[in-house]
Amino acid sequence: MAARHVVLLALPGVQLLDLAGPLEVFDAATRVLTAIGDDRPGYRTTVTGPQREVVTASGLPLVTTSMSRVRGPIDTLMVGGALDFPKRRFDPTLLRWFRRRAAASRRVASVCSGAFVLAQAGLLQGRRATTHWLATDELRRQYPDTQVDEDALHVEDDGVFTSAGVTAGIDLALALVESDLGHEISLRTARLLVMFLHRPGGQSQFSAALTRPPARHEAVRRVQSAVLEQPGGDHRVPTMARHAGMSPRHFARVFTEQTQETPARFVQRVRLERAQQLLEDQAASMDEVAQQVGFGSSETMRRTFVRAMGVSPGAYQARFRSRAS
């Protein structure tokens, strides 16, 4: 059987790892199949671009195959990102080529701000998507018809895959390998690359402590630290306001101004992150985790998980633990 053809589009200024990471995953998966005598089709890859030589963001030039020479069926069409993609307007001829080849591909994917190529090509309209955390607000602003998930590492919507920044493209590629060839081949591929098992797509791009800029106000920082140190504590707004020495109304206003999110949203994200850690590291029951992190009940935790990550806590735990076994 013919190998699955993966075409990676390299545009000027692309971040090298956006392309090289997935490229190495697909190559490693093919080598794994050969090593174990598995005769299922692996992958063959083509790096294409609008010119013969594309210079990456780090200055390393890539020699590419001309876009006009990419012929035949494409299994996976993937594009990497660059820091200026959120502001770049891509050539209409390139976008027409991308739309035409995407329509004939089994699936389409972007890494990092490559999502803006998909969006300009009209492929994200009405779909759920993600991108680098620095660009999620801009993607949402420019394309209000796209449901932007600012926390996920990678998401899929009807055959269109998008991932967060840079190394998340490796997680996405491993997820595609697992979809094609199963968990065992994905696991062997990760081991061959000497990397940790790939992270589920619903995991946050960053911890709650890093996602937003640190508060300048000392009292707000003190409250944030208390929540991070003890997520299961009493973190209602009146309680946090007393800790900060402010009225609840004034505290909520200052906290939101300092962190760009409400106190309740911050507490929920911290509790969700801690629940993920417990579900990943322990065989704890849903009730135990919910109580420990401050959700109160397993049903409250379940609703929060489904709303924020698209999966239930039980499904999340089963998925992670199956990869850790």
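The legends below describe close-up views of a predicted model.

**View 1. The largest nonpolar core, around Leu9.** This core has 31 residues, and Leu9, Phe98 and Leu118 have the most contacts inside it. Two or more residues each come from β1 (4–9), β6 (74–79), α2 (92–103) and α3 (115–120). Leaving aside residues up to four places away in sequence, Leu9 touches Leu19, Thr48, Gly49, Met67, Met78, Val79, Gly80, Leu94, Trp97 and Phe98. Another core, of 27 residues, lies apart from it and includes Phe26, Val111, Phe161 and Ala190.

**View 2. The aromatic pair of Phe26 and Tyr43.** The pair is tilted, at 4.9 Å centre to centre with 50° between the planes. Phe26 belongs to helix α1 (residues 16–35) and Tyr43 to strand β2 (residues 43–49), 17 residues apart. Both Phe26 and Tyr43 are buried. The charged end of Arg4 sits over the ring of Tyr43, 5.7 Å from the ring centre.

**View 3. Phe251 and Phe255 in helix α10.** The ring centres of Phe251 and Phe255 are 5.6 Å apart and the planes stand at 55°, so this pair is tilted. The two residues lie four residues apart in α10 (residues 248–259), about one turn of the helix, and both are buried. Together with Phe266, Phe251 and Phe255 form one aromatic cluster.

**View 4. The hairpin of β10 and β11.** Strands β10 (residues 154–157) and β11 (residues 160–163) pair in the antiparallel sense over four bridges. His154 stands opposite Ser163 in β11. Two residues lie between the strands, and Asp158 in the turn has a positive phi of about 55°.

**View 5. Helix α9 and the residue after it.** Thr239, Met240, Ala241 and Ala244 are buried in α9 (residues 237–244). Gly245 follows α9 and has a positive phi, near 75°.

Note on methods:
Residues numbered from 1 in each chain as written. Predicted model: local features only at pLDDT ≥ 70, side-chain atom pairs only at ≥ 80, totals over all residues. Heavy atoms only, no water. Pairing = 2+ DSSP bridges. Core = buried A, V, L, I, M, F, W, Y, C linked by side-chain atoms within 4.5 Å. Buried < 20%, exposed > 50% of the residue type's maximum accessible area, 1.4 Å probe, protein only. Contact = heavy atoms within 4.5 Å. Phe/Tyr/Trp six-rings, centres within 6.5 Å; stacked < 30°, edge-to-face > 60°. Lys NZ or Arg CZ within 6 Å of the ring centre and 35° of its normal.
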